[in-house]
Amino acid sequence: MQVDVFTLVPHAFASAFEQRPLSAVLGSELEVRLFNYRDTTPLRAGQVDDEPYGGGAGMVLRVDVVAAALDAVYDGAPQHRVVALTPRGRPLTQRVVEELAGDEHVTLLSARFEGFDERVVDHLANDAISIGPYVLSGGELPAMVIIDAIARQLPGALGNEESGVEESFSPELDGGLEYPHYTRPADFRGWAVPDVLLSGNHARVAEWRREQSRLRSAA
């Protein structure tokens, strides 16, 4: 799978994709490419933003700058999924992550300042996603969240072929919240691991996890 990220601060991804590539940690099926809007801006002196019409605080990433970046990389309008990372996008859920992971190619558009010119979302992107009902200083963190979540769904992620199938928030577990996790020692300061997890009975463990997920979802 290939994920392209358009950003004004490629170095923000250094710890995840350059110093220790995410694809090497979570699997071998992910290729991440980073593109800087300033490298292809049609404006002078690397300008990428402008004041919004009608006034208001802050600067906005221009539509012509984003269009020029997409044209330079894809030689025209991309035929694959192009996601604008914006607070008004659809909420990121495990179902959305699995949907994205099913694509061969995804582009993520991140903004800074006060966001995108609205025409980026309306005409240059064909999807919009939000990682939560709050405002960040840019789209780099949302992009990293989405890429990390996608990578866990790909073959070989975490060295476990089933890691993407039985995620804690997966719809296969009734879409419920995360079930409890325990590790060794089995008894620590009198805090014991539930007996069912020590039984070796995979069917019973799976049923217990589904029940715990339902209980947490109902809470």
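1. In what follows, Ala, Val, Leu, Ile, Met, Phe, Trp, Tyr, Cys and Pro count as nonpolar, Asp, Glu, Lys and Arg as charged, and the others, Gly among them, as polar. The model is a predicted one, in which local features need pLDDT of at least 70 and side-chain atom pairs count only at pLDDT 80 or more, whereas totals for chains, interfaces and linings use all residues. Residues are numbered from 1 along each chain as its sequence is written, and side-chain values use heavy atoms, with hydrogens and water left out.

2. The lining of the largest pocket divides into 12 nonpolar, 7 polar and 4 charged residues. A pocket here is an open set of points on a 1 Å grid over the protein atoms alone, where a 1.4 Å probe fits, with protein on both sides within 12 Å along at least five of seven lines; lining residues have an atom within 4 Å of a point. Of the 23 lining residues, Leu85, Thr86, Pro87, Gly115 and Leu136 lie nearest the centre. The space in this pocket is about 410 Å³, a volume being that filled by probe spheres set on the grid points, which are joined across faces, edges and corners.

3. Strand S5 (81–91) supplies the largest share of that lining, 4 residues. Strands (E, at least two residues) and helices (H or I, at least four) are DSSP runs numbered from the N terminus.

4. Threonine 41 lies in the loop between strands S2 (31–36) and S3 (49–50). With a relative accessible area of 14%, threonine 41 is buried (under 20%, using a 1.4 Å probe and protein chains only). Beyond its neighbours within four places in sequence, threonine 41 is in contact (heavy atoms within 4.5 Å) with Gly46, Gln47, Val48 and Val65.

Definitions and conventions:
Buried means under 20% relative accessible area, exposed over 50%, partly exposed in between (1.4 Å probe, protein chains only).
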